[in-house]
Amino acid sequence: MTRFLRKFILLVFMLLCIGYAHAQQKSVFDPLESFKQVNYPAGNLVRTASGKPGTSYWQNRADYQISARFDTLSRQLQATEELIYFNDSPDVLPEVWLLLGQNRFRKDSRSTSTTPLEDSRFGIKEFTDGFVLEKVMVKNKKTGVWYKADAKIMNDQLKIMLPEALRAKDKITLRIDYHFTLPKNGSDFMGVLPTANGTIYQFSAWFPRVAVYDDIEDWNTANSGYYIEPGKLDYKITVPSECIVQGTGQLLNPEQVLTKVQLLRLRAAEKSNETVQIRTAKEVMMASSRSGPGLLTWHFSADHSGDGLFAVSRSFIWDAVKVDLPDKETALAMSLYPVESNYAAWQKSVQTMKQVLESYSRLWCPYPYKTAVNIAGSVTGIGGPGTSFIQYQSNGMANGVWSKLNHELGHNWFNMMIAGNGRQVWMVEGLNSFINHINGKVLQGETAFTIPDAINWLGKASPNQCATTPYELMLYKNFALLAYVKPTVALNLLRTEVLGTRRFDAALRTFVQAWKFKHPSPSDFFRCMEKESGENLSWFWQSWFLNDWTLDQSIESVQYVNGLPEKGVNIKLVNKGKMVMPAVVEVAESNGRVNRANLPAEIWQKDGDWTFHYPSTSTVISVKIDPDHNLPDRDLTNNTWHEKANNITQPTTK
């Protein structure tokens, strides 16, 4: 052994005697990268640097008037749609693009071609002809005469070349006559469920819907995700008289489609905090609970929708209750389900809706629709304006009726009101899942996953994709992690560990109010949260949304001042991963004192290590970083320091 080597070993031993140093993999942290300023688009009069709409903000509008007839035997829906499209943009539009949601079920569709061979929830399991467009017409504004439109189907889109370009601040009226066959298995968005007392037919993507034209991407046609222009939806559904229809919007003609008893019960429910059964399980079997033979037309209308869901069946039990909203406003919550549903859970469902909607309204902003409808059927769970579908066998257990209603009703805030582009799926599912967890805590209800479980998952995951990956590029194995889990954990930590509940909630409420029924971008959200909270959060967005970075906070050394515990201890922390977060350090002393130091993320701005002084007055027994395991730390073995004989310690797992 050389003299140099002996000196080196002695030096290492002395360092160990002075304090604890835990060497692990080489740090990849670079403060210039982790704290790099997010390069936001320049603020302007449309989207300001404050993250709010500017004085020149614009968005186009689409109002729909639809008359449809559904044949329960052939499952064919025949309809005429009149679409009034308002061009509030500063641009001249030579064409209008519509999305043809039913075309995903055509054999030659892009959706079919890109569906994986293995079973998937949203896979194509049944083929139809999609939308069969019988007529596409354009109305002459001056004469009121209808002309055949120059229309071309391009996969799942319809391009209509206008005979005269649509000028700014002008409008145009289109008419489409069409039909389609409702698939039995509609990619878990729609479908058919046979029951003992009648089949349940659930409809979504049931009319050609105008694509969003915005100031960011022009026409959003390719892989646009769920992205709608909030407008007015007025529709009539004609069905056999024994059937009940419910869906998006307020029923405008209850006197024509309900029995006298049902009408009285409906009126009572509008004023009742107790559940009123419009149609009981016993009455489902009674012919007197529906009108006589023939056809009936159900008429619904909803503002700020732009899309809609509805269902048809003669098997429905129908419950209703009043929802109390701020400023003495009310809405009507309704739940419809067959006798095969778990009655113990489903009879509580309308009260769950009341509870959930009232809570969201207090937390963020009032529920915007006159009615809220939950309909049981074959669909696992989807949400639309004022309407949700959940699986009829859902029960009262974990991820059952309460959890699903809490989630699907939450979509009325994100993304019906806050109508962001679904390609950034975290703005739809992530923001919604986050408010689901807040609601779960407030109402003591179970959510689809817990924050501790999510943190453990994130600590082990290696998706190699970030949360802002566009929906169509997100790997199937990463979807749940990046769309739901990671954004929920991120926003929860921003609320609890970074900003604090009061500052965060105030900022989010401001964002919701500013963008209600508008189209915010991710940058708008990031900026608004920063400006309202008074914090530069670039480091947070970089760590959680814009990159696939991981966290590894560690305790590097613990040293007494002058070797005397009563003079305090200096604790050295190291940030080894690229992600940065605040550091919570818990110190336990032999005299029984246990205290914590809360250090902001900015301690890492200049370097990957940080030393701070803790004023101990006795021997330090242990030091823990992230003692509650609130962070998705990749390596827990370097999170804890324990006092040992001669002050030499070994790493321990937290």
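A residue is taken as buried when its relative accessible area is under 20%. In this predicted model, phenylalanine 504 has a relative accessibility of 0% and therefore counts as buried. By the same criterion, 57% of the 654 residues of the chain are buried. The chain contains 16 helices and 32 strands, and its C-alpha atoms fill a box of roughly 100 × 60 × 50 Å along the principal axes. Among contacts with a separation of 6 or more, 72% are made by residues 24 or more positions apart.

The ring centres of phenylalanine 434 and phenylalanine 504 are 5.3 Å apart and the planes stand at 70°, so the pair is classed as edge-to-face. Phenylalanine 434 is likewise buried, with a relative accessible area of 1%. Within α14, the buried residues are Phe504, Asp505, Ala507, Leu508, Phe511, Val512 and Ala514, and the elements that cover them include α10, α11, α13 (479-499) and α15 (522-533). The length of α14 agrees with expectation, because its 14 residues should span 20 Å at 1.5 Å a residue and its end C-alpha atoms are 20 Å apart.

The count of aromatic pairs comes to 37. In one of these, the rings of tyrosine 367 and tryptophan 413 have centres 5.8 Å apart and planes at 45°, so the pair is tilted. Elsewhere, ring pairs join Tyr64, Phe70, Phe131, Tyr178, Phe180, Tyr201, Phe203, Trp206, Phe207, Tyr235, Phe300 and Phe310 into a cluster. Aromatic rings also meet charged side chains: the charged end of arginine 175 sits over the ring of tryptophan 146, 5.1 Å from its centre, and that of arginine 209 sits over the ring of tyrosine 226, 5.3 Å from its centre.

Strand β2 (residues 76-87) is paired with two strands described here. With strand β1 (residues 61-71), β2 pairs in the antiparallel sense over 11 bridges, and within this pairing glutamate 82 of β2 is the bridge partner of glutamine 65. The hairpin of β1 and β2 has 4 residues between the strands, and arginine 75 takes a positive phi near 60° there. With strand β8 (residues 170-181), β2 again pairs in the antiparallel sense, over 12 bridges, and leucine 77 stands opposite phenylalanine 180 of β8. In a regular strand, side chains alternate between the two faces of the sheet. In β2, Leu77, Ala79, Glu81, Leu83, Tyr85 and Asn87 make up a covered face, while Gln76, Gln78, Thr80, Glu82, Ile84 and Phe86 make up an uncovered one.

A further set of 5 strands forms an open sheet in the order β9-β10-β11-β20-β16, with antiparallel pairing. The edge strands of this sheet are β9 (185-186) and β16 (244-247), each of which pairs on one side only. The pairing of β16 with strand β20 (residues 310-313) is antiparallel and extends over 4 bridges, with glutamine 246 standing opposite alanine 311 of β20.

In helix α5 (residues 260-269), Gln262, Leu263, Leu266 and Ala269 are buried. Viewed down the axis of α5, these buried residues fall within an arc of 125°, so they line one face of the helix. Lys260 and Leu264, on the other side of α5, are exposed. The cover over the buried residues of α5 includes α4 (254-257), β18 (276-279), β21 (317-324) and β22 (330-337). Lysine 322 is situated in strand β21 and, at 11% relative accessibility, counts as buried. Apart from neighbours within four places in sequence, lysine 322 is in contact with Ala269, Glu270, Lys271, Ser272, Asn273, Thr330, Ala331, Leu332, Lys354 and Glu358.

Conventions. Residues numbered from 1 in each chain as written. Predicted model: local features only at pLDDT ≥ 70, side-chain atom pairs only at ≥ 80, totals over all residues. Heavy atoms only, no water. Buried < 20%, exposed > 50% of the residue type's maximum accessible area, 1.4 Å probe, protein only. Arc of directions from axis to C-beta. Contact = heavy atoms within 4.5 Å. Pairing = 2+ DSSP bridges. Phe/Tyr/Trp six-rings, centres within 6.5 Å; stacked < 30°, edge-to-face > 60°. Lys NZ or Arg CZ within 6 Å of the ring centre and 35° of its normal. Expected span 1.5 Å × (residues − 1).
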